[in-house]
Amino acid sequence: MIEILKFEMISKGPLIAKFNVKMHKWGGLIIKGCSLFDSNGKKWVSMPSQQYESEGKKKYFPYISYENKDIDQKFRDTILLAVNEYLEKMKPIN
């Protein structure tokens, strides 16, 4: 089970929110500083990272990732699903 913690709406450009993730199956591991982005209708999750500059462009070095890109994407997609479920529960009932 993945639990979303300390969800904070930001809404600055494509950055929608910052949040923490608790991985119950991994002994309660907490990943702090995840980000939710939305651009042109596409949402994605970024893991905590450090910004740096390369050839005059801002880039980001993720602190957490899988070596296998397919597994890494599946991991992020699973977190995005948990974020979407969290947001759905937080919607006010009309």
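1. A pocket, as the term is used here, is an open set of grid points where a 1.4 Å probe fits, with protein on both sides within 12 Å along at least five of seven lines. In this predicted model, the largest pocket has a volume of about 460 Å³.

2. The lining of the largest pocket consists of 20 residues. Those nearest the centre of the pocket are Phe37, Trp44, Ser46, Met47 and Ser49. Two or more lining residues come from each of β2 (15-23), β3 (29-39), β4 (42-46), β6 (57-62) and α1. The largest share belongs to β4, which provides five residues. By class, the lining of the largest pocket holds nine nonpolar, six charged and five polar residues.

3. The second largest pocket has a volume of about 200 Å³. Its lining includes Met1, Ile2, Glu3 and Ile4, together with Thr78, Leu81 and Tyr86. Both β1 (2-12) and α1 supply at least two residues of this lining, and α1 gives the most, with seven. The lining of the second largest pocket divides into seven nonpolar, three charged and one polar residue.

4. Phe75 lies in helix α1, which spans residues 69-90. Phe75 counts as buried because its relative accessibility is 9%, and the cut-off for buried is under 20%.

5. Leaving aside residues up to four places away in sequence, Phe75 touches Met23, Trp26, Ile31, Met47 and Tyr66. Met47 is also one of the residues nearest the centre of the largest pocket. Between Phe75 and Lys25 there are 50 residues of sequence separation and a C-alpha to C-alpha distance of 13 Å.

Definitions and conventions: Residues are numbered from 1 along each chain as its sequence is written. This is a predicted model: local features need pLDDT of at least 70, side-chain atom pairs count only at pLDDT 80 or more; totals for chains, interfaces and linings use all residues. Side-chain values use heavy atoms; hydrogens and water are left out. Helices (H or I, at least four residues) and strands (E, at least two) are DSSP runs, numbered from the N terminus. Buried means under 20% relative accessible area, exposed over 50%, partly exposed in between (1.4 Å probe, protein chains only). Contact means heavy atoms within 4.5 Å. On a 1 Å grid over the protein atoms alone, a cavity is a set of points where a 1.4 Å probe fits but cannot get out, and a pocket is an open set with protein on both sides within 12 Å along at least five of seven lines; lining residues have an atom within 4 Å of a point. Grid points are joined across faces, edges and corners, and a volume is the space filled by probe spheres set on the points. Ala, Val, Leu, Ile, Met, Phe, Trp, Tyr, Cys and Pro count as nonpolar, Asp, Glu, Lys and Arg as charged, and the others, Gly among them, as polar.
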